[in-house]
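Thanks, everyone. Please have the sequence and the model up on your screens. I'll go through it piece by piece.

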Amino acid sequence: MTQLQELRHAMARAGLDAVWISDPANVRAVSGFSSGKDGKVLVTQGTATLYTDARYTVQAAEESPLTAFIARPPATLEHAAPALAGLRVGFEADHLTVAALEDLRDHWPQVTLVGVQGLVQSLRAVKTPGEIQAVRDAQALADRVFAEVRPLIEAGARELDIASEIELRLRRAGAQSAFDLIVASGPRGAMPHGTASDRVIQDGDLVTVDMGAQLRGYHSDMTRTVAVGTPGAEMARVYRAVLEAEEAAVRAVKPGVRTADLDRLARDILTGHGLGEAFAHSLGHGVGLEVHEAPSLRGTSDDVLQPGMIITIEPGAYLPGVGGVRIEDLVLVTEDGYEVLSVSPKELL
Ligand SMILES: CSCC[C@H](N)C(=O)N[C@@H](C)C(=O)N[C@@H](C)C(=O)O
């Protein structure tokens, strides 16, 4: 079944006659149009229309099998209005601004607008073979770049030097960084999202590098924490504890497992090492057209692993004023277990 067919089933289950898609990643997923932020898609049970403007006439025709209507708002909304009169139309409540919703109300007075959340996102959680290959390629590039840059992570280098080397190499390969690079050394490692600063790396530091490639629209995500020289005994102990939690959680990945249980498994191991409070975020997330997408590996999540999902497993421990460790692998859920897509070494020393 195509993603469009699956979406129509999901619309029917939600009691919707149509859905107005405005989230850029969802626009791309449903239409194939790669400039999702400048497009919208209207899906009914019988039609699917891509709305974008004249900057993208050629690109839309090349990339999308959908009928394109080239115009800017409000002409786009006026075009859609007659076919929608009397229908229940879903809009993406977790994306549409209040002003954009007012526009829909003004131009579609005979439509019943219904806010929906996660309708397309839940379909994106299980990847097609083509999507799996795209993420695989993005991760292979990230692994290659990390191997090239690893020798540069040494005393005297600035975090920014490491980040810019990674970015440059990704760019040269036709990709780009999936997000603001995290390079957090020494005490800055206590910030889970410590983006690269001008701090000079010192002998004995642990350095957390969280990086991803965005290639053909798909992302990868991986974290390694490496030692420069010999780390102190306490941070070496923290590293071993995080690695134990990470490897145990990866080994537990298989279809049917509740993601909340995976989070619990890793958290319990860290708690056993006295680091439960130091694990300040969820165990992981899905990766695809966005760096963070379904499923969520949070303790409160109801998500269940299915073959074809691509997830991160990334426990961490953060000690303010001291430092931090995060180890993150990108993992494909297979029919009978898992495949780790990230291959960069995890030895600390
Ligand atoms: C701003 S994108 C950063 C990507 C990074 N690799 C990452 O996923 N970090 C996690 C600690 C994270 O942000 N987790 C989220 C899902 C959370 O726990 O809320």
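Start at strand β14, residues 293-297, where P295 lies. This is a predicted model, so keep that in mind throughout. The peptide bond joining A294 and P295 is cis, with omega about 5°.

There is another cis bond to look at. P73 and P74 are joined by a cis peptide bond, and omega there is about 10°.

One more backbone point. R216 has a phi near 50°, which is positive, and R216 is not a glycine. Find R216 in the loop between β10 (213-215) and β11 (218-219).

How far can we trust the coordinates? The mean pLDDT of the chain is 97. Of the residues, 100% reach 70 or more. For the complex, the predictor gives an ipTM of 0.98 and a pTM of 0.96.

The side chain of D210 puts an N or O atom 2.6 Å from a nitrogen atom of the ligand. The side chain of S282 has an N or O atom 2.8 Å from a ligand oxygen. H285 places a polar side-chain atom 2.9 Å from an oxygen atom of the ligand. How much of the ligand does the protein cover? On its own, the ligand has 500 Å² of accessible area, and the protein covers 79% of that.

On to annotation. UniProt, in an unreviewed entry, places the feature "domain: Peptidase M24" at residues 134-335. Over residues 134-335 the chain is 31% helix and 24% strand. The end C-alpha atoms of that stretch are 19 Å apart.

Last topic, charge pairs. Side chains of opposite charge can pair when their charged atoms come close. How many salt bridges does the structure hold? The count is 25. Take one of them: the side chains of R136 and E339 meet at 2.7 Å, N to O. That pair links distant parts of the chain, 203 residues apart. R136 sits in helix α7, residues 129-149. E339 sits in strand β19, residues 338-340.

That's my tour. Questions, please.

Key
Residues numbered from 1 in each chain as written. Predicted model: local features only at pLDDT ≥ 70, side-chain atom pairs only at ≥ 80, totals over all residues. Heavy atoms only, no water. Polar contact = N/O pair within 3.5 Å; in protein donor to acceptor, adjacent residues only side chain to side chain. Areas by Shrake-Rupley, 256 points an atom, 1.4 Å probe, with all protein chains shown as cover. pLDDT = per-residue confidence, 0-100. UniProt positions renumbered as here; feature names shortened; annotations may be inferred. Helix = DSSP H or I, 4+ residues; strand = E, 2+ residues; numbered from the N terminus. Salt bridge = Lys/Arg side-chain N within 4 Å of Asp/Glu carboxyl O.
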